[in-house]
Amino acid sequence: KQVVFSAIQPSGTITLGNYLGAIRNWVKMQDEYSCIYALADLHTITVRQEPAQMRRNIIDAYASILACGIDVEKSLFFIQSHVPTHAQIAWILNCYTQFGELSRMTQFKDKSKKHADNINAGLFTYPSLMAGDILLYQADKVPVGADQKQHIELTCDIAKRFNGLYGNVFKIPEGFIPKNGARVMSLQNPLNKMSKSDENVNGCVHLLDSPEVIMKKFKRAVTDSDACVRYAEGKDGVNNLMTIYGAVTGKTFEEIENEFAGKGYGDFKTAVGEAVVEELRPIRERYERLVADKGYLAECYRKADEIAYKISSRTLDKVMKKVGFIK
Ligand code: AQP
């Protein structure tokens, strides 16, 4: 079986964007691939976190991902900071990644604008830790949203450079980006991507929002004065709602346009809200049960942490040997 690797940061409550862009594919890929998923908690401290909140976020995110349908009998789902090989390989890969390459990363540029008071070295070298995460498991495919495309390309560049110097050490991975839902935008500012850490709570639908809150957020979603449900340039708000509705129902843009021909935005927003509520309802219910059983969650991640350590150590040992470290 081919290997799939992906990770998510527990930097806040998981969003509809994370779900449609990545996690839904994680779930779908479990039968066909050997899947390895991680909670990328080391990545979250590139932005300042409040310790008690961070601990809650880690448990909430772990339970949420299981609730989405990750089956620990089929897939590995571990916590990055529990597996020391990640931090170790990140240092090594930092030494094979160029300053210029990291400077070109749009996520770094965006985040350093947003967190101008804390542009730390970790924020800058985030992509080499991410490259390490993926390369440690010799992954073939990496299911992510469109915003991570640039980081995957850099991962491939770093891997090829390393292989060029030392022979075939790393498998060159490939991004796996969904056709629909790869880039879900904020409901309040559809030019920005929907993000866990958005200060405008109405812009972002969280996986664990109640049905009432979800409906309210969709009713308030920014649209335009055209009053026609169609996918077209300049209609960013409507385009985004159509993307979400299409991703959840499987309908094409043409089918959506026909369904709402002659109807106003009010009806359309209600339909999108209701479709999302129904998609997320079982996830929220499963989450409530899972998060109440911290013992079970700990059992799941401890088992996965141990296996992830074994698998990743094989690659790390090889890398260290090739570079010239001694045992
Ligand atoms: N808006 C989005 N649409 C589609 N996919 C998205 N992803 C994130 N936002 C969207 C995908 O979700 C996966 C996990 O993301 P992450 O937690 O590793 O990092 P992120 O991209 O930085 O996510 P957020 O929600 O924007 O978090 P913060 O606010 O902390 O930066 C990735 O596969 C990503 O592509």
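Student: At roughly what angle do the axes of helix 10 and helix 12 cross?
Tutor: This is a predicted model, in which local features need pLDDT of at least 70, side-chain atom pairs count only at pLDDT 80 or more, and totals for chains, interfaces and linings use all residues. Residues are numbered from 1 along each chain as its sequence is written. Axes are lines fitted to C-alpha atoms, for helices over the stretch in contact, with angles from 0 to 180 degrees between N-to-C directions. The axes of helix 10 (residues 236-249) and helix 12 come within 10 Å, and the crossing is at roughly 40°.

Student: What orientation class do helix 10 and helix 12 have?
Tutor: Helices are DSSP runs (H or I, at least four residues), numbered from the N terminus. Angles under 35 degrees count as roughly parallel, over 145 as roughly antiparallel, 65 to 115 as roughly perpendicular, and the rest as oblique. The pair of helix 10 and helix 12 is therefore oblique.

Student: Is the crossing of helix 10 and helix 12 left-handed or right-handed?
Tutor: A crossing is left-handed if the near helix is turned anticlockwise from the far one by less than a right angle, and right-handed if clockwise. For helix 10 and helix 12 the crossing is left-handed.

Student: Which residues of helix 12 meet helix 10?
Tutor: Contact requires the C-beta atoms of two residues, placed from the backbone, to lie within 7 Å. Helix 10 contributes Leu 241, Ile 244, Tyr 245, Val 248 and Thr 249. Their partners in helix 12 are Phe 268, Lys 269, Ala 271, Val 272, Ala 275, Val 276 and Glu 279.

Student: How is helix 9 oriented relative to helix 12?
Tutor: Helix 9 (residues 211-219) and helix 12 (residues 265-291) have axes 9 Å apart, at an angle of about 150°. That makes the orientation of helix 9 to helix 12 roughly antiparallel.

Student: How many residues in the contact of helix 9 with helix 12 are nonpolar?
Tutor: On one side are Pro 211, Ile 214, Met 215, Phe 218 and Lys 219 of helix 9, and on the other Lys 269, Val 272, Gly 273, Val 276 and Val 277 of helix 12. Ala, Val, Leu, Ile, Met, Phe, Trp, Tyr, Cys and Pro count as nonpolar, Asp, Glu, Lys and Arg as charged, and the others, Gly among them, as polar. The contact holds two charged residues, one polar and, as nonpolar, seven.

Student: What is the handedness of the crossing of helix 3 and helix 12?
Tutor: Helix 3 and helix 12 pack with axes 8 Å apart at about 130°, and are therefore oblique. Their crossing is right-handed.

Student: Which helix gives the largest share of the side of domain 1 that touches domain 2?
Tutor: Domain 1 (3-177 + 294-323) and domain 2 (201-288) divide the protein chain, with bounds from an automatic or database domain assignment. The contact takes ten residues from domain 1 and eleven residues from domain 2. Helix 1 and helix 3 (51-68) each supply at least two residues of the domain 1 side. The largest share, four residues, comes from helix 3.

Student: Which helix gives the most to the shell around the ligand?
Tutor: The ligand is surrounded by 23 residues, each with its C-beta atom, placed from the backbone, within 6 Å. Gly 17, Gly 21, Val 144, Gly 145 and Ser 197 are the closest. The most, five residues, comes from residues 16-28, helix 1.
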